[in-house]
Amino acid sequence: MATKSVVGKFEEVRKEADRVNSQAHTADRLMEGVAILLNQLMLKYNWVGFYMLEPGANPPVLVLGHYRGAMTPHVRISLNQGICGAAASSGKTVIVDDVKKDSRYLACSLETKSEIVVPVFAHGKVAGELDIDSHFPAAFTDDDRELIEYCAQLVGKRLEND
Ligand code: SME
């Protein structure tokens, strides 16, 4: 079970995300703010970024948006590629505790040990996703998942209203 201080940390970051949401004028600004805040406040979130579905693209493709962390060679990802493609095509959060053991994984940095990808829904459909890489194995607990899904929902709601 998480200690009180760890629970406090998740609450604090969630409130910070609410603050960023209330100050961001557009979904785009919110995505930038979320990438910055998760990368800065969560020590194990070493790369934080959004991939968004390119409007009208056929076949569909995910395009890199706002991110914080090392440069990635993966700026466009098809839905049949990578952990990112798996999350977008299934509409489900994907957590990989050890990226070396997952054949779908597209390497971004040699230091990455684990990854979570959370779909962003707008109007009931996948519009993109929030992708986080960690230098630590199995970095993403249930608390992390809840926090990251919360941030993805904030972005989805803003996309619906933009
Ligand atoms: N690892 C991802 C590719 C994106 S980078 O992590 C930034 C994947 O397997 O889809």
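Among the residues that line the largest pocket, eight are nonpolar, one is polar and four are charged (Ala, Val, Leu, Ile, Met, Phe, Trp, Tyr, Cys and Pro count as nonpolar, Asp, Glu, Lys and Arg as charged, the others, Gly included, as polar). The model is predicted: local features need pLDDT of at least 70 and side-chain atom pairs pLDDT 80 or more, while totals for chains, interfaces and linings use all residues. Numbering runs from 1 along each chain as its sequence is written, and side-chain values rest on heavy atoms, with hydrogens and water left out.

**The open pocket**

The volume of the largest pocket is about 250 Å³. Phe10, Met42, Lys44, Ala139 and Asp144 are the closest to its centre among the 13 residues of its lining. Helices (H or I, at least four residues) and strands (E, at least two) are DSSP runs numbered from the N terminus. On a 1 Å grid over the protein atoms alone, a pocket is an open set with protein on both sides within 12 Å along at least five of seven lines, a cavity is a set where a 1.4 Å probe fits but cannot get out, and lining residues have an atom within 4 Å of a point.

The largest cavity has a volume of about 110 Å³, where a volume is the space filled by probe spheres set on grid points joined across faces, edges and corners. Of its 14 lining residues, His74, Cys84, Leu106, Glu115 and Asp131 are the closest to the centre. β1, α3 and β6 each bring at least two residues to this lining, and α3 provides the largest share, three residues. By class, the cavity lining has eight nonpolar, three polar and three charged residues.

**The ligand and its shell**

Where does the ligand sit? The ligand is in the largest cavity (more than half of its atoms lie within 2 Å of the grid points). Around the ligand there are 13 residues, and Ile83, Cys84, Leu106, Glu115 and Asp133 come nearest (a residue is near if one of its heavy atoms lies within 4 Å). At least two shell residues come from each of β1 (47-53), α3 (82-90) and β6 (125-134), and α3 supplies the largest share, three. The shell has eight nonpolar, two polar and three charged residues.

| Residue | Atom in the residue | Distance to a ligand oxygen atom |
|---|---|---|
| Ile83 | backbone N or O | 2.9 Å |
| Leu106 | backbone N or O | 2.8 Å |
| Asp133 | polar side-chain atom | 2.9 Å |

The ligand on its own has 300 Å² of accessible area, and the protein covers 100% of this area (Shrake-Rupley method, 1.4 Å probe).

**Two spots in the backbone**

Which peptide bond is cis? The bond from Asn58 to Pro59 is cis, with omega near 5°. Pro59 belongs to the loop between β1 and β2 (61-68). His123 has a positive phi, near 50°, although His123 is a residue other than glycine. His123 is found in the loop between β5 (114-122) and β6.

Key: A polar contact is a pair of N or O atoms within 3.5 Å; within protein, one must be able to donate a hydrogen and the other to accept it, and residues adjacent in sequence count only if both atoms are side-chain atoms.
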